[in-house]
Amino acid sequence: MNCFGRFSLLFAALALPLSQANAVNWTEAAVVPPDYLYSGELSGDGNAPTPIFFSEGHNLVEGTMGFDGVNPMDADVWTFTIAAGYYLTGINLLSYSDNGAGKPVGSINSFMAIDDATSINMSDPSNHLSNGLWNEQLDGFGATYTNLMAILDAGPEFGGDGFNGPLGPGNYTFWVQEGTDQISYCIDFVLTPVPEPGSLMLLGLAGLLALRRRR
């Protein structure tokens, strides 16, 4: 099953409308299904990451990275832009596989990093916005669902600036790496529009009315 299929099943199980889902934005798969937008090998160079277009809603990126026992370690690095009026509110791991190694869920720790630039320093983690180790966790339905943004938001594990809450408009670069196994993954980047000032005012009034009713 491809990443989009897993995504569809997961969000159907969670009773979320599938109209919120976008097609897969990028895949490294050799055979590309029709619901994928772009494909090809993701860059392994922090100074020249692969540019990927993200739009409102769910933006899926899937690839294979790491060490397969024979070939050199394969890093995946991509850059994206959050447009004005939007925030990055989620980075969620939707699938994770050690490609037949059969290791227990959560036993492999891969590396990830994000920086607020169009490139990322792959030799000094202290220059990143945030970084940390990630692995596979399971939701209540037995499907992979790991909140990567919460890991990054908790603070850099190997030095860095850190951030608090959703990420605002600007350029960002994301890097994933595995040193001992070959990992296939699918990551969902969620872009949410910022409510208009009028909408925020209405939400505030609704909250005040609800509070008065409770009193």
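Biologist: Which residue in β9 stands opposite Thr-79?
Modeller: Thr-173 in β9 stands opposite Thr-79. Before we go on, this is a predicted model: local features need pLDDT of at least 70, side-chain atom pairs count only at pLDDT 80 or more, and totals for chains, interfaces and linings use all residues. Residues are numbered from 1 along each chain as its sequence is written, and side-chain values use heavy atoms, with hydrogens and water left out.

Biologist: What counts as a strand here?
Modeller: Strands are DSSP runs of E with at least two residues, numbered from the N terminus.

Biologist: OK, how many bridges join β4 to β9?
Modeller: Seven, and the two strands run antiparallel, with β9 covering residues 170-177. Two strands pair if DSSP finds at least two bridges between them.

Biologist: Which sheet do they sit in?
Modeller: An open sheet of five strands, in the order β2-β4-β9-β6-β7, with mixed pairing. β2 (50-51) and β7 are at the edges with a single partner strand each, so one side of each has no neighbour in the sheet.

Biologist: And what holds strands together in general?
Modeller: Strands of a sheet pair through backbone hydrogen bonds, parallel or antiparallel.

Biologist: What about β10, how many bridges join β3 to that strand?
Modeller: Ten, running antiparallel, and β10 spans residues 182-193. Glu-62 has Cys-186 in β10 as its bridge partner. β5 (residues 86-97) is also joined to β10 by ten bridges, again antiparallel. There, Ser-97 has Ser-184 as its bridge partner.

Biologist: Switching topic: is Met-73 buried or exposed?
Modeller: Exposed, because its relative accessible area is 52%. The cut-offs are under 20% for buried and over 50% for exposed, with partly exposed in between (1.4 Å probe, protein chains only). Met-73 lies in the loop between β3 (57-66) and β4 (76-82).

Biologist: How far is Met-73 from Gly-179?
Modeller: They are 106 residues apart in sequence, yet 6.4 Å apart in space, C-alpha to C-alpha. Leaving aside neighbours within four places in sequence, Met-73 is in contact (heavy atoms within 4.5 Å) with residues including Gln-177, Glu-178 and Gly-179.

Biologist: And Asn-135, buried or exposed?
Modeller: Buried, because the relative accessible area of Asn-135 is 13%. Asn-135 lies in the loop between β7 (130-134) and β8 (146-147).

Biologist: What does its side chain reach?
Modeller: The side chain of Asn-135 reaches the backbone oxygen of Gly-106 at 3.2 Å.

Methods: Helices (H or I, at least four residues) and strands (E, at least two) are DSSP runs, numbered from the N terminus. A polar contact is a pair of N or O atoms within 3.5 Å; within protein, one must be able to donate a hydrogen and the other to accept it, and residues adjacent in sequence count only if both atoms are side-chain atoms.
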